[in-house]
Amino acid sequence: MRKLQLVISSFAVAACAILATAEPTARTPVGASLTTAPQTLQTVRVMAIGGSIAHGWDDTPSLGGYLARTFRSLSRNRTTYVFTNESSEGKGPSYYVTRMNELLTKDKPNLVVISFGMLNDLFDHHPMSKMNQDVVEEVRDALAHNAQVVLITPPVVGASYVEFKNQEGPALASEIRAVAALHNPNVHVVDLFSQMKNYLRVHHQTWEMYAADGWHPNIAGHALAAAMLTADLKQDRWLSQTPIPPQA
């Protein structure tokens, strides 16, 4: 669903500036104390679920959106991340509840990325308790398949400041609390949504610079989100020091 159609002519310049300046501002670790053993896998299989933003809508097709960009950048170091994007347009947590085990069996990920924008669920007035329940169930499915999990809140879009200005932030905070309540050291959170909001505030920028429309980032928006997320994951100890369980 697309709203607030915008024409943005300066995204290429903005994207270059973003990659040079973007810095992380906040991360939310989840669970008990982390181990310090070196990562044992040279190749890590990553599976992502989410909606159209996670799927990479309105990014350059070959770049694939903020998640694909991130794991491509991380692969330049000693570990190669083989990224499979199972995200789908308009889909929220409820869509994956009955499909999760099938996807996990097919992709055999070492790391599962969950990144829902929640906009379709908010538009349809789905109860937050049900959304949280579905996400937690998906996290548990991933853990049962010996994968680590990272919940990544989505980039901000126009709806984050307009239609759902007072709803999206609290919904994502509720989702984080539900996942944190698992107290599992193999479950992690990166609050990209809050970071990007803070970035725009600090740099006196508006969401229009990074919007393809009211519900999706443009190329510059995906670039900014990927730069922040890449920096986060490079610094987070769990990714670089915690062994990711190999699959049978």
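**Note on the predicted model**

1. Among the contacts in the chain with a separation of 6 or more, 85% are between residues 24 or more positions apart, where contact means heavy atoms within 4.5 Å. This is a predicted model, in which local features need pLDDT of at least 70 and side-chain atom pairs count only at pLDDT 80 or more, while totals for chains, interfaces and linings use all residues. Residues are numbered from 1 along each chain as its sequence is written, and side-chain values use heavy atoms, with hydrogens and water left out.

2. The secondary structure of the chain comes to 11 helices and five strands; helices (H or I, at least four residues) and strands (E, at least two) are DSSP runs, numbered from the N terminus. Of the 248 residues in the chain, 51% are buried, a term that means under 20% relative accessible area, with exposed meaning over 50% and partly exposed in between (1.4 Å probe, protein chains only).

3. Helix 3 (residues 66-74) is mostly covered, since seven of its nine residues are buried. These buried residues are Tyr66, Leu67, Ala68, Arg69, Thr70, Phe71 and Leu74. Phe71 also belongs to an aromatic cluster, which it forms with Tyr81 and Phe83.

4. Helix 7 (residues 128-144) and helix 8 (residues 168-180) pack at an angle of about 40 degrees with their axes 9 Å apart, the axes being lines fitted to C-alpha atoms, for helices over the stretch in contact, and the angles running from 0 to 180 degrees between N-to-C directions. That angle makes helix 7 oblique to helix 8 (under 35 degrees counts as roughly parallel, over 145 as roughly antiparallel, 65 to 115 as roughly perpendicular and the rest as oblique).

5. On the residue level, Met128, Asn132, Val135, Val136 and Val139 in helix 7 meet Ala171, Ser174, Glu175, Ala178 and Val179 in helix 8. By class, this contact of helix 7 with helix 8 has seven nonpolar, two polar and one charged residues, where Ala, Val, Leu, Ile, Met, Phe, Trp, Tyr, Cys and Pro count as nonpolar, Asp, Glu, Lys and Arg as charged, and the others, Gly among them, as polar.

6. The count of aromatic pairs comes to five; rings of Phe, Tyr and Trp (its six-membered ring) pair if their centres lie within 6.5 Å, and planes under 30 degrees apart count as stacked, over 60 as edge-to-face and the rest as tilted. Tyr96 and Phe116 form a tilted pair, at 5.8 Å centre to centre and with 50 degrees between the planes. The pair links distant parts of the chain, 20 residues apart, with Tyr96 in helix 4 (residues 93-97) and Phe116 in the loop between strand 3 (111-115) and helix 6 (119-123). Tyr96 is buried, with a relative accessible area of 1%, and Phe116 counts as buried at 1% relative accessibility.

7. Phe123 and Trp215 form an edge-to-face pair, 6.2 Å centre to centre with 75 degrees between the planes. Phe123 lies in helix 6 and Trp215 in the loop between helix 9 (192-202) and helix 10 (219-235), so the pair ties together parts that are 92 residues apart in sequence. Phe123 is partly exposed, with a relative accessible area of 36%, whereas Trp215 is buried, with a relative accessible area of 3%.

8. Backbone angles at two residues deserve a look. Lys108, in the loop between helix 5 (100-107) and strand 3, has a positive phi near 50 degrees in a residue other than glycine. Asn146, in the loop between helix 7 and strand 4 (148-152), has a positive phi of about 60 degrees although it is not a glycine.
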